[in-house]
Amino acid sequence: AIQTQGSYFNIQSNDEIQHIDTPYDKEIIRLNDSLNKTYVGYGREGQVRASKQATEDFNAISKGTAVMSERAVAKSTFNYKNANWDLVDGIEQGNVSLDSLRKEDLPAELKGKSKEEQQKYIEQKKSERTNYQNQIGELSRKRETFIAEERKKINESNGKKDLGSAIIESLVTTAQKTGFNVE
């Protein structure tokens with residue numbers, strides 16, 4: 001590190017990852033439950049994948065509200081797509097169309113409805129999903145600010161740094177040495 005003018009830091013590898021609960025977690029989790037209701041499973045994979053999604057949510061909440069919040073935030077991003085089993089994503093990404101689906105592959109909530117009613121239902125779920133994603137995104141930004149402030153307090157009080165804090169500090173120091181203005 002000295003020869004390359006880099007940074008050296010010692011991190012206790014035995015320390016557990018610190019998940020910080022925030023005042024935003026419960027609302028994010030509530031919104032995640034609503035977000036889950038916007039998925040419209042189709043075909044053989046629909047129910048299986050929706051069940052797996054619920055199982056992973058259960059696994060996350062069993063690790064704590066902070067972990068579940070992190071999962072909900074990840075699910076709320078526009079990168080989280082399920083076009084192979086969710087009609088909302090599938091139609092949006094062009095993987096499937098209501099016209100191409102066999103009747104037996106339709107989810108129960110769409111069976112017996114006209115194509116127009118089915119389309120309206122999908123559009124409603126898409127609108128609801130976007131709304132929940134936006135709300136979770138807004139709370140996520142507040143959550144990240146809260147976590148950054150708490151981590152700073154923890155690092156100052158015990159003199160220890162976690163890997164993330166050490167890397168960020170190293171990057172900031174290096175950037176400043178090379179003439180970048182870091183705020």
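Okay, let's start with one tyrosine: Y80 has a relative accessible area of 22%, so it counts as partly exposed, since buried would need under 20%. Keep in mind that this is a predicted model.

Now, who is Y80's partner? It's Y39: the two ring centres are 6.4 Å apart and the planes sit at 85°, so we call the pair edge-to-face. Y39 sits in the loop between α1 and α2, while Y80 sits in the loop between α3 and α4, so the pair ties together parts that are 41 residues apart in sequence. Y39 has a relative accessible area of 9%, so it is buried. A search of the whole structure turns up two aromatic pairs, and ring pairs join Y39, Y80 and W85 into a cluster.

Stay with Y39 for a second, because something lies over its face: R129, at 4.0 Å from the ring centre. R129 also has a salt bridge with D89, at 2.9 Å from N to O. Look at where those two come from: D89 is in helix α4 (residues 87–92) and R129 is in helix α5 (residues 115–158), so to speak distant parts of the chain, 40 residues apart. Buried or exposed, what would you guess for R129? It's buried, with a relative accessible area of 4%, and D89 is buried too, at 3%.

On to the other salt bridges. How many are there by this rule? The count comes to 15. One of them joins D57 and K75, whose closest N and O atoms are 2.9 Å apart. That pair also links distant parts of the chain, with D57 in helix α2 (residues 43–63) and K75 in helix α3 (residues 65–76), 18 residues apart. Both D57 and K75 are buried.

For a contrast, take E104 and R102, a salt bridge with its closest N and O atoms 3.5 Å apart. E104 has 52% relative accessibility, so it counts as exposed, because the cut-off for that is over 50%. R102 comes out at 47%, so it is partly exposed. There's also a network of salt bridges that links D25, E70, R143 and E144.

D25 brings us to helix α1, which covers residues 25–36. This helix has 12 residues and reaches 16 Å from its first C-alpha to its last, close to the 16 Å expected at 1.5 Å a residue. Which residues of α1 are buried? They are D25, I28, I29, L31, N32, S34 and L35. Here's a handy bit of background: an α-helix has 3.6 residues a turn, so residues three or four places apart point the same way.

Some of those names come back in the next part, the nonpolar cores. The largest one has 14 residues, and those with the most contacts inside it are I28, L31, L35, M68 and I136. Helices α1, α3 and α5 each supply at least two residues of this core. As a general point, nonpolar side chains in soluble globular proteins tend to be buried together.

What does M68 touch, leaving out residues up to four places away in sequence? The answer is I29, N32, D57, A60 and I61.

How values were computed. Residues are numbered from 1 along each chain as its sequence is written. This is a predicted model: local features need pLDDT of at least 70, side-chain atom pairs count only at pLDDT 80 or more; totals for chains, interfaces and linings use all residues. Side-chain values use heavy atoms; hydrogens and water are left out. Helices (H or I, at least four residues) and strands (E, at least two) are DSSP runs, numbered from the N terminus. The expected span of a helix is 1.5 Å times one less than its number of residues. Buried means under 20% relative accessible area, exposed over 50%, partly exposed in between (1.4 Å probe, protein chains only). A salt bridge is a side-chain nitrogen of Lys or Arg within 4 Å of a carboxyl oxygen of Asp or Glu. Rings of Phe, Tyr and Trp (its six-membered ring) pair if their centres lie within 6.5 Å; planes under 30 degrees apart count as stacked, over 60 as edge-to-face and the rest as tilted. A charge sits over a ring if NZ of Lys or CZ of Arg is within 6 Å of the ring centre and within 35 degrees of the ring normal. A nonpolar core is a set of buried Ala, Val, Leu, Ile, Met, Phe, Trp, Tyr and Cys residues joined through side-chain atoms within 4.5 Å. Contact means heavy atoms within 4.5 Å.
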